[in-house]
Amino acid sequence: MPRTTDGGEAPVPQRLLAAATRLFAEQGYDRTSVQEIVEAAGVTKGALYHYFGSKDDLLHEVYARVLRVQQERLDAFANADEPIEKRLRGAAADVVVTTIENLDDASIFFRSMHHLSPEKNKQVRAERRRYHERFRALVEEGQEAGVFSTATPADLVVDYHFGSVHHLSTWYRPDGSMGPKEVADHLADLLLRALRP
């Protein structure tokens with residue numbers, strides 16, 4: 001059975017994911033071989049197949065690990081004992097920051113999602129839908145309470161915000177004029193302005 005770590009290095013699954021993420025970002029998913037991934041991670045093909053089963057599994061995990069973090073954080077904002085405006089703004093800004101912090105993962109995924117097996121593709125869509133539905137529920141909660149305008153349907157408000165989030169990888173640059181928090185604040189403020197009664 002493959003060791004989880006070799007000496008003082010990162011655990012094998014983390015090394016595989018880091019190598020795959022870098023190579024997928026540099027070369028594209030379809031142009032990256034399993035051999036290149038295992039060589040970059042310093043492990044054997046047996047180790048990769050022990051932890052992931054396939055290159056498809058690695059691609060799925062690149063996205064799933066970010067979505068898991070975002071879902072946990074969204075749940076925390078949604079469940080907080082604070083006014084709805086503060087909870088929605090916090091959630092709206094957080095998804096921007098966590099996307100920027102994992103920009104390679106997000107860009108790889110949106111470029112390569114069509115490479116996933118039908119089963120994995122369906123699973124990812126269900127995971128994303130769960131996130132979007134929880135976010136939409138915050139908008140609806142504010143609309144039902146009369147805090148947010150009902151002029152624009154909640155679904156459209158959510159699509160508007162996540163359209164901006166999904167395009168971050170096409171324009172955001174770490175060495176640009178705005179940092180993650182500044183971008184997040186602007187986009188969260190735009191969302192709240194769109195909901196103002």
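**Close-up views of a predicted model**

**View 1. Helix α6 and the helices around it.** In this predicted model, the buried residues of helix α6 pack against α1 (12-27), α4 (55-79), α5 (84-101), α7 (118-144) and α9 (168-171). Helix α6 itself spans residues 103-112 and is mostly covered, with seven of its 10 residues buried. These buried residues of α6 are Leu103, Asp105, Ala106, Ser107, Ile108, Phe109 and Ser112.

View 2. An unreviewed UniProt entry lists residues 10-70 as "domain: HTH tetR-type". In the model, this span of residues 10-70 is 77% helix and 0% strand, and its end C-alpha atoms lie 23 Å apart.

**View 3. The rings of Phe24 and Tyr29.** The structure holds four aromatic pairs. In the pair formed by Phe24 and Tyr29, the ring centres are 5.1 Å apart and the planes stand at 65 degrees, so the pair is edge-to-face, a term that applies to planes over 60 degrees apart. Phe24 counts as buried because its relative accessibility is 0%, and Tyr29 is also buried, with a relative accessible area of 8%.

**View 4. The rings of Trp171 and Tyr172.** Trp171 and Tyr172 form an edge-to-face aromatic pair, with 6.0 Å from centre to centre and 75 degrees between the planes. Trp171 counts as partly exposed, at 42% relative accessibility, whereas Tyr172 is buried, with a relative accessible area of 5%.

**View 5. An aromatic cluster.** Tyr131, Phe135 and Phe162 together form one aromatic cluster.

Note on methods. Residues are numbered from 1 along each chain as its sequence is written. This is a predicted model: local features need pLDDT of at least 70, side-chain atom pairs count only at pLDDT 80 or more; totals for chains, interfaces and linings use all residues. Side-chain values use heavy atoms; hydrogens and water are left out. Buried means under 20% relative accessible area, exposed over 50%, partly exposed in between (1.4 Å probe, protein chains only). Helices (H or I, at least four residues) and strands (E, at least two) are DSSP runs, numbered from the N terminus. Contact means heavy atoms within 4.5 Å. UniProt positions are given in the numbering used here, feature names are shortened, and annotations may be inferred rather than shown by experiment. Rings of Phe, Tyr and Trp (its six-membered ring) pair if their centres lie within 6.5 Å; planes under 30 degrees apart count as stacked, over 60 as edge-to-face and the rest as tilted.
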